[in-house]
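Trainee: Could you walk me through reading this structure, starting with the spaces inside?

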Amino acid sequence: MSSDFSLFERHVDALYRSALRLTRKPEDAEDLVQETYLRAYRYRNRFKPGTNEKAWLFTIMTNVFRNRLRQRPAPEDPIDAPGTDFSIYDQLRREGMPVHLMSPEEIIVDRGFGDEVKHALEELPIPMRMVVVLVDVEDFSYKEVASILGIKIGTVMSRLHRGRQALQKKLWEYSGRPKARPVAVGAH
Amino acid sequence: MGDHCEQTMRNLSGYIDRELSDADVRQVKAHLDDCPPCDKVFEFQAEMKRLVRKECCTDDAPARLREWVRQLATEKPKPAG
Ligand SMILES: [Zn+2]
């Protein structure tokens, strides 16, 4: 039995953009995607038709990626330790910004939070980054992410929670850097 | 912040990610309709999720990678440069 490989081809953009967030370098991302497809091709008969081929490809890719990391170990992050709560919204409210009068888009544009999302994401510890990418960018369910990464659903949820907070904290820090900033809206 | 607010905030990620049971969805929805402060937090966090997706979806695979994948199924796989 052989699967129709075109089923797998269509996920190349998704794999590439996620590979780019994980490796941070276009040439490494391309290499990671190639190895993922070589394995997918080699093991294509192990794929069960009718199951989620995107999740299958991401399982292969995250495994390849983690094996590569193991060869070049990075300092271990205390990723599953509870962190301090942080949200941009609460922070702005505390600063006295009239956030309740603003749309989320206005808040984001006003402080330029959108400009450095990729950069902020790429600075998160890898286990958190993987979960945020899989849930928020690739739209996998918690259950699918648990299966892709071989972790518990509770771990998916805590990494997601902490990853999103860490992301907002990075964006907050970047937005405080000196740069031309529009006048706050809502002051009229 | 009342009990309902706290419970809603605890369920907010699950609500945004469409991971809650129908009963919990109804509960969160009912509270958000009633409580503008919680609703604003919800709107902001939902927008942050959209933002992450939007910002990260701009990187498409390079054409040569796409072509390499396309040929993988039809030719003998070979290392590509
Ligand atoms: Zn409330």
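Predicted model: local features only at pLDDT ≥ 70, side-chain atom pairs only at ≥ 80, totals over all residues.

Mentor: Happy to. The lining of the second largest cavity has six nonpolar, two polar and no charged residues.

Trainee: Which residues line the second largest cavity?

Mentor: The lining is made by A:Ser18, A:Leu22, A:Phe58, A:Met61, A:Thr62, A:Met130, A:Val133 and A:Leu134. As for helices, α2 (12-23), α4 (53-71) and α8 (126-137) of chain A each supply at least two residues of this lining. The space in the second largest cavity is about 30 Å³.

Trainee: How many cavities of 30 Å³ or more are there?

Mentor: The count is two. The largest cavity holds about 70 Å³ of space, and its lining divides into one nonpolar, six polar and one charged residues.

Trainee: Which residues line the largest cavity?

Mentor: They are B:His4, B:Gln7, B:Thr8, B:Asn11, B:Asp24, B:Gln27, B:Val28 and B:His31. Here α1 and α2 of chain B each contribute at least two residues to the lining.

Trainee: Let's stay with α2 of chain B. How do I read a helix that has a buried side?

Mentor: An α-helix has 3.6 residues a turn, so residues three or four places apart point the same way. Now the case in hand: B:Val28, B:His31 and B:Leu32 are the ones to look at, as they are buried in α2(B). Looking down the axis of α2(B), you find its buried residues within an arc of 100°, so they line one face of the helix.

Trainee: Which exposed residues sit on the face of α2(B) turned away from its buried side?

Mentor: That face carries B:Asp22, B:Arg26, B:Asp33 and B:Asp34. On the buried side, the packing partners are α1 (3-16) and α3 (36-56) of chain B.

Trainee: And how do I check the length of a helix?

Mentor: Compare the distance between the end C-alpha atoms with the expected span. Helix α2 of chain B, residues 22-34, has 13 residues and reaches 19 Å, close to the 18 Å expected at 1.5 Å a residue. For α3(B), 21 residues reach 30 Å, close to the 30 Å expected. In chain A, the 19 residues of α4(A) should span 27 Å, and the end C-alpha atoms are 28 Å apart, which agrees.

Trainee: What do the buried residues of α4(A) pack against?

Mentor: They pack against α1 (6-9), α2, α3 (26-42), α8 and α9 (142-149) of chain A. The buried residues of α4(A) include A:Trp56, A:Leu57, A:Phe58 and A:Phe65. Among them are also A:Glu53 and A:Lys54, so do read the names as well as the burial. In α3(B), too, B:Lys40, B:Glu47 and B:Lys49 are among the buried residues.

Trainee: How would you describe chain A as a whole?

Mentor: Begin with the secondary structure, then look at burial and contacts. Chain A has 10 helices and zero strands. Of its 188 residues, 50% are buried. Among its contacts between residues at least 6 apart in sequence, 70% join residues at least 24 apart.

Trainee: We did cavities. What about the largest pocket?

Mentor: The largest pocket has about 940 Å³ of space. Of the 37 residues lining it, the closest to its centre are A:His161, A:Gln165, B:Met9, B:Ser13 and B:Gln45. At least two lining residues come from each of α5 (88-94) and α10 (153-175) of chain A and α1 and α3 of chain B. By class, the lining has 18 nonpolar, 10 polar and nine charged residues.

Trainee: Can we finish with single residues? Is A:Arg164 buried or exposed?

Mentor: With 16% relative accessibility, A:Arg164 counts as buried. A:Arg164 lies in helix α10 of chain A. Beyond its neighbours within four places in sequence, A:Arg164 contacts A:Val132, A:Val135, A:Asp136, B:Ser13, B:Asp17 and B:Lys49.

Trainee: And what is the relative accessible area of A:Asp28?

Mentor: The value is 27%, and A:Asp28 is partly exposed. A:Asp28 is placed in helix α3 of chain A. Leaving aside neighbours within four places in sequence, A:Asp28 is in contact with A:Thr23 and A:Arg68.

Methods
Residues numbered from 1 in each chain as written. Chains lettered and ligands numbered in written order. Heavy atoms only, no water. Helix = DSSP H or I, 4+ residues; strand = E, 2+ residues; numbered from the N terminus. Expected span 1.5 Å × (residues − 1). Buried < 20%, exposed > 50% of the residue type's maximum accessible area, 1.4 Å probe, protein only. Arc of directions from axis to C-beta. Contact = heavy atoms within 4.5 Å. 1 Å grid on protein atoms, 1.4 Å probe; cavity = no way out; pocket = protein on both sides within 12 Å on 5 of 7 lines; lining within 4 Å. Points joined across faces, edges and corners; volume = space filled by probe spheres on them. Nonpolar A, V, L, I, M, F, W, Y, C, P; charged D, E, K, R; others polar.
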